[in-house]
Amino acid sequence: MTLRAILAGTGSALPRTRVSNAELAERVDTSDEWIVERTGIRFRYIAEPDETTATLGAAAAQQALAAAGLQPSDIGLIILATATPDNTFPASATKVQALIGAPDCIAFDVAAVCSGFLYAVTVADSMLRTGAAKHALVIGSETFSRILDWEDRTTCVLFGDGAGAVVLSAKDVDDDQGILATRLHADGKYSGMLYVDGGPSTTGTVGHVRMHGREVFRHAVTNLASVLGEVLEDTGLSPSDVDWVVPHQANRRIIDATAKKLGLDPARVVMTVDQHANTSAASVPLALDLAVRDGRIKRGDLVVLEAMGGGFTWGAAALRV
Ligand code: UT7
């Protein structure tokens with residue numbers, strides 16, 4: 001028997017308001033044609049003032065708990081990945097804890113931007129396997145619309161808001177169910193490629209997203225293909241063993257190029273960038289929940305998750321559902 005973190009349930013939540021490229025083009029100097037051709041994005045959801053990272057995260061968490069057949073009182077660990085917390089502190093994870101009515105447990109945020117969910121899953125996996133908790137809620141939740149410069153067409157058309165969540169449970173298994181391998185990386189010398197130009201310790205303001213898109217694109221394809229190769233090597237599996245790839249949803253061209261580089265079947269890649277745009281830490285759990293709920297991802301499937309974002313940070317995970 002091996003103690004592993006298994007996927008017990010998934011959930012997601014989107015803001016009420018969906019904005020099309022055409023609607024955006026009324027406010028910003030852009031076009032549906034440019035956005036679709038360069039990114040694959042058609043829609044994004046934008047949070048209303050009463051919708052926050054914590055409220056969206058809590059809604060996704062409640063769905064994941066229901067799918068796992070668990071109560072808030074069963075949860076011993078809440079990790080929330082975000083770059084857009086409700087407040088500088090307390091951690092949005094503690095706000096989610098209060099919103100869902102979970103009693104005393106471990107709760108904290110992880111900041112690794114678009115790779116945040118992979119970082120959070122990796123930390124939860126380690127903590128579950130060392131006995132810190134029996135059941136963990138791992139959430140990616142973002143309100144990126146709050147840190148966009150709506151005058152900057154090179155960034156504001158790319159992002160959206162939303163949340164995704166999973167329940168991971170520690171379980172003794174005698175097969176290869178659960179999280180099989182995780183790999184994380186960071187290279188801070190690229191911090192100026194994708195960043196927010198404000199913060200409590202520097203400007204005392206929240207700031208706006210700034211990005212050198214072409215450079216990020218180039219590194220994304222290289223790093224994602226390499227880290228996916230690493231988790232497959234760790235598990236002794238080959239690209240043809242993968243049932244589903246759930247990639248970070250930043251750009252259709254990055255997703256396609258990465259799959260091609262590794263020889264992964266494009267029909268086995270879950271794509272939501274057209275509907276959600278880039279929701280940063282929320283994009284992987286949002287896409288995972290969608291593919292579980294529409295029946296594509298089934299028990300026994302080998303699923304790989306990957307993401308790359310500001311820092312740069314990047315990572316991947318392989319799990320048997
Ligand atoms: O989640 C973290 C990871 N983030 C990413 O992975 C993003 C990675 N980067 C990308 O996805 C792409 O680089 C972008 C989608 C951001 C940009 O695509 P690109 O093919 O690299 O375009 P570009 O930045 O080289 O810009 C091409 C042209 C420029 O015009 P000129 O200089 O050629 O005349 C831009 O000014 O497109 C122009 N442009 C726009 N035009 C219409 C830039 N943004 C827009 C826009 N609408 N929204």
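**Entry 1. Annotated positions.** I started from the UniProt record, an unreviewed entry, which lists C114, H248 and N278 under "active site". These residues are spread over 165 residues of sequence, yet they cluster in space, with a largest C-alpha distance of 8.6 Å. UniProt positions are given in the numbering used here, feature names are shortened, and annotations may be inferred rather than shown by experiment.

I note that this is a predicted model, in which local features need pLDDT of at least 70 and side-chain atom pairs count only at pLDDT 80 or more, while totals for chains, interfaces and linings use all residues. Residues are numbered from 1 along each chain as its sequence is written, and side-chain values use heavy atoms, with hydrogens and water left out.

**Entry 2. N278.** I looked up N278 and found it in the loop between α9 (273–276) and α10 (283–293). Helices (H or I, at least four residues) and strands (E, at least two) are DSSP runs, numbered from the N terminus. Is N278 buried or exposed? N278 is buried, at a relative accessible area of 5%. I use buried for under 20% relative accessible area, exposed for over 50% and partly exposed for in between, with a 1.4 Å probe and protein chains only.

Next I took its polar contacts. A polar contact is a pair of N or O atoms within 3.5 Å; within protein, one must be able to donate a hydrogen and the other to accept it, and residues adjacent in sequence count only if both atoms are side-chain atoms. The N278 side chain makes such a contact with the side chain of H248 at 3.3 Å. The N278 side chain also reaches the backbone nitrogen of S280 at 2.8 Å. Leaving out residues up to four places away in sequence, I find N278 touching C114, L158, F159, G160, H248, Q249 and A250 (contact means heavy atoms within 4.5 Å).

**Entry 3. H248.** I place H248 in the loop between β11 and α8. H248 counts as buried, at 6% relative accessibility. Which side chain does H248 join by a polar contact of 2.6 Å? The partner is the side chain of S283. With residues up to four places away in sequence not counted, H248 touches residues including C114, I255, N278 and E306.

**Entry 4. Ligand.** I find 23 residues surrounding the ligand, the closest being T30, R38, R214, N251 and N278; a residue is near if one of its heavy atoms lies within 4 Å. An oxygen atom of the ligand is 2.6 Å from an N or O atom in the side chain of R214. For R253, the side-chain N or O atom lies 3.2 Å from a ligand oxygen. N278 comes up again here, with a polar side-chain atom 2.6 Å from an oxygen atom of the ligand.

**Entry 5. Helix α8.** I then went along α8 (residues 252–262). At its start, a side-chain oxygen of N251 reaches to within 2.7 Å of the backbone nitrogen of R253. In α8, I254, I255, T258, A259 and L262 are buried. They cover an arc of only 125° around the axis, so they lie on the same side of α8; the arc is that of the directions from the helix axis to the C-beta atoms. K260 and K261, on the other side, are exposed. I see the buried residues of α8 packing against α7 (213–235), β11 (244–247) and β12 (302–309). Just after α8, G263 takes a positive phi of about 75°.

**Entry 6. Strand β6.** Last, I checked β6 (residues 135–143). 9 of its 9 residues are buried, so β6 is largely enclosed by the rest of the structure. H135, L137, I139, S141 and T143 are on one side, with A136, V138, G140 and E142 on the other. Two strands pair if DSSP finds at least two bridges between them. Strand β4 (residues 77–81) runs parallel to β6 and is joined to it by 5 bridges, with L77 opposite A136. Strand β7 (residues 161–173) runs antiparallel to β6, with 9 bridges, and there H135 stands opposite S169.
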